[in-house]
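Please consult the sequence and the coordinates alongside the text.

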Amino acid sequence: MKQIFTFLAAVVLTATTQAQVGVGTTTPDASAALDITSTTKGLLIPRMTAAQRDAIASPAVGLVIFNTTTNCLNFYGGSWIEACGSGAYPSDAVFCASGVTAVVDVINPTTGKIWMDRNLGATQAATSSTDASSYGDLYQWGRRSDGHQCSTSPTTATLSSVDRPVHGNFILTPNAPFDWRSPQNDNLWQGVNGENNPCPSGYRIPTGAELDAERVSWSPQNNSTGAFASPLKLPMAGFRNRANGSLYDNGSYGYYWSSMVSSTNLYGVASLVSEILNFSNSNALMEGQIRANGFSVRCIKD
């Protein structure tokens, strides 16, 4: 008991005389209001579920908690932001109203690949094929997270001549070659260090072969049922149309970008397109699709 009173007295004395608190030290660093020194123990902060976190009334900017739903540190900066080790996003990333996507890993034991457990922009892993909270954002192929991926972002009919448009508008392309960039660039989204990779550090856009391997692992349910039953729990988020910017097929189809490019004939025009995984209630397949369409992104661990 005497030791406890001695410790408390030391803390009070330090706080009173220096406007600082030292735990494990009588000389807290001059830059710290609280200096905890230990080589055998850590700092344990409040732990709570995401629902409990969201119930905090008027959280202060800088408030920190440990989210037991996602097993991540969360801090409040106007909205709750996840901090999950290697899950740092590009410093210039623009996030939609849903905020920063939590980085939670899931592994498919059949393919041996590790993925994020939700689409970029989703607030949760899917609870069904038609779970709107799991749909996430819709990216034009090869673009970074500049705001265009938000379903309510404004549109423009002016194509971009650079890899990084100076705006976050969804670029409409009613004419061939149906790409938001002119001239086309086939070298975007290539690998973890690829130009415009929107995934958090350590993650990248999957190749067509990696997406197809996931699809094959659904056998014999080669459709949306298999997609949701898989460890990835892929929902049918639909897409954003490259011609008018409207949303289509929500809850009916899933379209997921790969990093691969290919050549195909679309609308009677030979086009350089990119591969996607496409599935519905009746079927699933890999196909080439127009890069200016807005499709879902699921990141794979490198």
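The points below cover conventions, strands and cavities.

**Conventions**
- Residue numbers start from 1 along each chain as its sequence is written, and side-chain values use heavy atoms, with hydrogens and water left out.
- As the model is predicted, local features need pLDDT of at least 70 and side-chain atom pairs count only at pLDDT 80 or more, while totals for chains, interfaces and linings use all residues.

**Strands 4 and 5**
- Strand 4 (residues 64–67) and strand 5 run antiparallel and are joined by four bridges; strands are DSSP runs (E, at least two residues) numbered from the N terminus, and two strands pair if DSSP finds at least two bridges between them.
- Phe66 has Leu73 of strand 5 as its bridge partner.
- In strand 5 (residues 72–76), Cys72, Asn74 and Tyr76 form the covered face, whereas Leu73 and Phe75 form the uncovered one.
- In a regular strand, side chains alternate between the two faces of the sheet.

**Cavities**
- A cavity is a set of points, on a 1 Å grid over the protein atoms alone, where a 1.4 Å probe fits but cannot get out; lining residues have an atom within 4 Å of a point.
- Grid points are joined across faces, edges and corners, and a volume is the space filled by probe spheres set on the points.
- There are two cavities of 30 Å³ or more.
- The largest cavity holds about 60 Å³ of space; of its 13 lining residues, Phe95, Thr101, Gly121, Asp137 and Tyr139 are the closest to its centre.
- The second largest cavity, of about 40 Å³, is lined by residues including Trp115, Pro206, Tyr256, Trp257 and Arg298.

Notes
Buried means under 20% relative accessible area, exposed over 50%, partly exposed in between (1.4 Å probe, protein chains only). On a 1 Å grid over the protein atoms alone, a cavity is a set of points where a 1.4 Å probe fits but cannot get out, and a pocket is an open set with protein on both sides within 12 Å along at least five of seven lines; lining residues have an atom within 4 Å of a point.
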